[in-house]
Amino acid sequence: MKKYNFNAGPSILPREVIENTAKQILDFNGSGLSLMEISHRAKDFQPVLDEAVALIKELLNVPEGYSVLFLGGGASLQFTQVPCNFLIKKAAYLNTGVWAKKALKEAKLYGEAVEVASSADANYTFIPKDYVIPTDADYFHITTNNTIYGTEIRREPDSPVPLIGDMSSDIFSRSVDVSKYDCIYAGAQKNLAMAGVTVIIVKDDKLGRAPREIPTMLDYRTHVEKGSMFNTPPVVPIYSALETLRWIKKSGGVEAMDKKAKQRAEIIYSEIDRNKLFKGTVREEDRSLMNICFVMNEEYAELEKPFMEFATERGMVGIKGHRSVGGFRASCYNAMSLEGAEALVACMKEFEAKK
Ligand SMILES: *Cc1c(COP(=O)(O)O)cnc(C)c1O
């Protein structure tokens, strides 16, 4: 039976990305060695890194003056690395979920970090809109897509200070005005690659201003200077990211990804709204195109487990909601086909008809 991978992360990748990476793992560029056993300093690997950086710059239209890094440590390390490098006196954070809150907690270790607004009291079911960003903040940190709760900031807020964005779960799903950001980071395992690498875009002339000693490995300048080769980078994950970047470009770039994301989301959300058994969990205007969260309507609460079993038998994988929301979450990253969205909707319709 065909499986549809709705996992939240690590998550679906285009089949050809997996196959091409697998080939290189067996024999890298005909060298007779595996991608897993070559040196990152082998002359064949540098072009992989260079092409990946160039494609990121091209696909996201990254302006001059920014560097693209591939580092380890996940998005979670960025929660620390960002304030360590960018917080001079004060940082502002928008609290839109668990990840945003964790980022804020780390910033407090480095100085004054203020939460400008939060939707925690409503279990993060919306993106706060009425707030004032302090004009003396060094940056305003946002989580553009809240993977757990299914909300998304699809248009940058007007900010008097530069933005810093955790784009772990929606990077490359739409175009972004990078010039508004001092830093963008994303754990690759949601929408780009296998787990093990984090993509970071930093504005070069904003580095080196923080009034503290920065440990060498945490200093972005270390990695900018060495082109992500200060220490051993995660070679195989970077290669898989390159394959995905090639696939995005071939498929029409981030504009095409955006169009497909809107189509998938329309297919699934309209069924959630139509089907008497289900309802969405977040405010309509803030609905994520990447993580689509829904629960049973109260009167059908006892059907949650039966629907889960029904859908699983029909090849739906990973649709269980996060424990802090419950119900279901269909993660629809770039590689999810419209056919996958339709298959999930067919399950929902069939299940409703049986009741
Ligand atoms: C998954 C996720 C993280 C954590 O990523 P790690 O790479 O596991 O540290 C952070 N932020 C967002 C928005 C996420 O979806």
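Reader: How far does helix α9 (residues 338-354) reach from its first C-alpha to its last?
Author: This is a predicted model, in which local features need pLDDT of at least 70, side-chain atom pairs count only at pLDDT 80 or more, and totals for chains, interfaces and linings use all residues. Residues are numbered from 1 along each chain as its sequence is written, and side-chain values use heavy atoms, with hydrogens and water left out. Helices (H or I, at least four residues) and strands (E, at least two) are DSSP runs numbered from the N terminus. α9 has 17 residues and an expected span of 24 Å at 1.5 Å a residue (1.5 Å times one less than the number of residues), and its reach is close to that, at 25 Å.

Reader: Which residues of α9 are buried?
Author: Buried means under 20% relative accessible area, exposed over 50%, and partly exposed in between, with a 1.4 Å probe and protein chains only. By that cut-off, the buried residues of α9 are G340, A341, A343, L344, V345, C347, M348, F351 and E352.

Reader: Which aromatic cluster includes F351?
Author: Rings of Phe, Tyr and Trp (its six-membered ring) pair if their centres lie within 6.5 Å; planes under 30 degrees apart count as stacked, over 60 as edge-to-face and the rest as tilted. The cluster is formed by F278, F294, F307, F310, F328 and F351.

Reader: How many aromatic pairs are there, and how far apart in sequence are the parts tied together by Y124 and Y149?
Author: The count comes to 13 aromatic pairs. Y124 and Y149 form a tilted pair, 4.9 Å centre to centre with 55 degrees between the planes. Y124 lies in the loop between β4 (112-118) and β5 (139-143) and Y149 in the loop between β6 (145-146) and β7 (151-152), so the parts tied together are apart in sequence by 25 residues.

Reader: Are Y124 and Y149 buried or exposed, and what is the angle between the planes of F278 and F307?
Author: Y124 and Y149 are both buried. F278 and F307 form an edge-to-face pair, 4.9 Å centre to centre, with an angle between the planes of 65 degrees.

Reader: Which elements hold F278 and F307?
Author: Both residues, F278 and F307, are buried. Their pair ties together parts that are 29 residues apart in sequence, because F278 lies in strand β11 (residues 278-280) and F307 in helix α8 (residues 304-313).

Reader: Which residue has its charged end over the ring of F310?
Author: A charge sits over a ring if NZ of Lys or CZ of Arg is within 6 Å of the ring centre and within 35 degrees of the ring normal. For F310, the distance to the ring centre is 3.6 Å, and the residue is R314.
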